[in-house]
Amino acid sequence: MKFLMWVFKIVFILTLFHLFSSSLSLGQELRSSTSTDCCGGGWEGVECDPATGRWDETHCWYNPIELFKSHKIAATFLDDNSLQGYIPSGLGHLSSLQTLSLGRIICQGQIPSIVASIYMKGVLSPTLGDLHFLETMIISGMKHIAGTIPLSFSNLTRLQQLILDDNSLQGYIPSGLGHLSSLQTLSLGGNHLSGQIPSIIGNFKNLQQLSLAGNLLKGPIPTAFKNLVDLQSLDLSHNLLSGLVPDSLGQLQNLTYLDLSSNQLSGQIPISLCNLLKLSFLSLDHNQMTGRIPSQIGKLKALTSLSLSFNKLTGQIPESIAGLPNLWNLSLSRNDLLDPLPIAFSKGLPSLLSIDLSYNNFNLGTVPEWLRTRELSDVNLAGCKLRGTLPNFTRPDSLSSIDLSDNAFTGGVSNFFARMSSLQKAKISNNQLKSDIAGIKLSDGISSLDLHSNQLFGSLSRILSNKTSKFLEAIDVSNNQLSGNIPEFIDGLNLKVLNLGSNKIAGQIPTSISNLDKLEMLDISRNQITGTIPISLGSLVKLQWLDLSINKISGKIPDSLLGIEALRHANFRANRLCGEIPQGRPYNIFPAAAYAHNLCLCGKPLPTCKGKKQEKLGQ
């Protein structure tokens, strides 16, 4: 999607240059004005900088009523503004308009307060179909623009760019769009469009970019797509498409980008796709593809990214993949692929930076040498039946993420991260690592650390201390054998996730927990925590998940927790709590099981407190 957006912006700039050279543009006239009053030509709502005599772009609001009176406008670019309210139907009166661009980019400077209270919403007016000279229409990123795509758009026969992505459009894709024979870019991604993809899209003989990603489209991929001979980019990802991947897609010789991921496509990978010699990006992940990876895939010498994860592919990885000189991303995780890995990988794949072989039927034993000696950024070998000591990477400084979870590693964790100076995310959970957690040396830039379900022991006082990296956002050391107390937290930490559950941690919850003001998840369940719930816990207003269950916490649940309005899950079960549950959402609507097995909790969702009952009887 990001790739397509860059393509769209480039096309947009080229269109802009064309319009400036051949027709009158509102922005050009204002920017080129050198008079002391650049609003003298009747540009209502536009102000000039008196020092320069030029348009003051910090005042970007306009009077739309005056704008629609001008039939000479050929281009309207409003995508650098904080536009709010409704898309006016009066835009349809601009009969000479060739380019209309409304995007979600915030303008610098002040916006009149009368406009600032609402956000752009409504529907696309059918009168936009009256803009018969329109060549470019960009209405994107307006999350509140709903309704259907007007049938009148079929009248825009000069349209070359139609970009309506990231709105809330609904209904079917109108078959009438097939009349837009000049269309080069069609992007309707990120909406709620449903039904099948109309075969008439195959009429777009000049189409170069097609994105229908992120909708609710179902049914097969039309075989009529074979007629899109100029197509360079096709993105149908994140829909409900089913059936086979058409062999006819292999006829699109100009295709460089193909994303069919996150659908319900089945069958084998068509060998015909291996004829797309210009293809640089191929993603079929999160489907139901079966059979083997075709050996002919080695013909795709331009390929830079290959993602086939989350399917049902079988057999061995073909040796021919090793001959892809430009491939930097290889993702084959969560299939049924078998040993051995191709021997040719030891000398091939010269551009490889990221590899994911996780959760197949590999029994690797150790990390292959060709992986340990490369300059890689991402290594994912979870569930590959690796054993023994954690691997020694000869170029650890290049690694930014590593996932070795669900294996059988036993040692080597103390210094494993020490030389990984670029490491941001590390996951080595569900192994058999046995080490004092205080001896683990972390890189300064790490943001996410997951070591849950190992045999780590010792105190958290070093890994969570005044030396804890400000970059650390998530730490999960649950289901180990950690002991000691929860350490005090200094101000300035950026932790969002803290999971200490299922250990042997004792002591009280420190009042300095309030310093973790960015925390979204806190789990200290199944420990030996005592004392009371600190009132300061209520200052964690971003908290969404709170689990204090199965400890020895006493006292009452403080009313200060009512200040955590974002909370979606809470569990206080199996403690020694007493008193009235805070009577406000969400605490009084959580299931009763969240408060079970305490001393004397009462109040909704549990029975009313005794004192409250007597008060009601007295009334």
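D517 is partly exposed in this predicted model, with a relative accessible area of 38%. Its salt-bridge partner is K518, and the closest N and O atoms of the two lie 3.9 Å apart. K518 is also partly exposed, at 30% relative accessibility. A salt bridge is counted when the nitrogen and the carboxyl oxygen are within 4 Å, so the 3.9 Å between D517 and K518 meets that limit.

How many salt bridges does the structure hold? There are two. Besides the pair D517 and K518, R395 forms one with E375, where the closest N and O atoms are 3.4 Å apart. R395 is partly exposed, with a relative accessible area of 34%, and E375 is partly exposed at 45%.

| Residue | Relative accessible area | Class |
|---|---|---|
| R395 | 34% | partly exposed |
| E375 | 45% | partly exposed |
| D517 | 38% | partly exposed |
| K518 | 30% | partly exposed |

The model also contains an open sheet of eight strands. The strands follow the order β9-β11-β13-β15-β17-β19-β21-β23, and their pairing is parallel. Which strands stand at the edges? They are β9 (170–171) and β23 (336–338). Each has a single partner strand, so one side of each is left without a neighbour in the sheet.

Strands of a sheet pair through backbone hydrogen bonds, in either a parallel or an antiparallel sense. Several pairings in this sheet can be followed by residue. Strand β17 (residues 264–268) runs parallel to β19 (residues 288–292), and three bridges join them. Here G267 has M289 in β19 as its bridge partner. Strand β19 in turn pairs with β21 in the parallel sense, over three bridges. In β21, T314 stands opposite R292.

What stands opposite G315 in β23? The residue there is L337. With β23 the sheet reaches one of its edges.

Definitions and conventions
Residues numbered from 1 in each chain as written. Predicted model: local features only at pLDDT ≥ 70, side-chain atom pairs only at ≥ 80, totals over all residues. Heavy atoms only, no water. Salt bridge = Lys/Arg side-chain N within 4 Å of Asp/Glu carboxyl O. Buried < 20%, exposed > 50% of the residue type's maximum accessible area, 1.4 Å probe, protein only. Pairing = 2+ DSSP bridges. Helix = DSSP H or I, 4+ residues; strand = E, 2+ residues; numbered from the N terminus.
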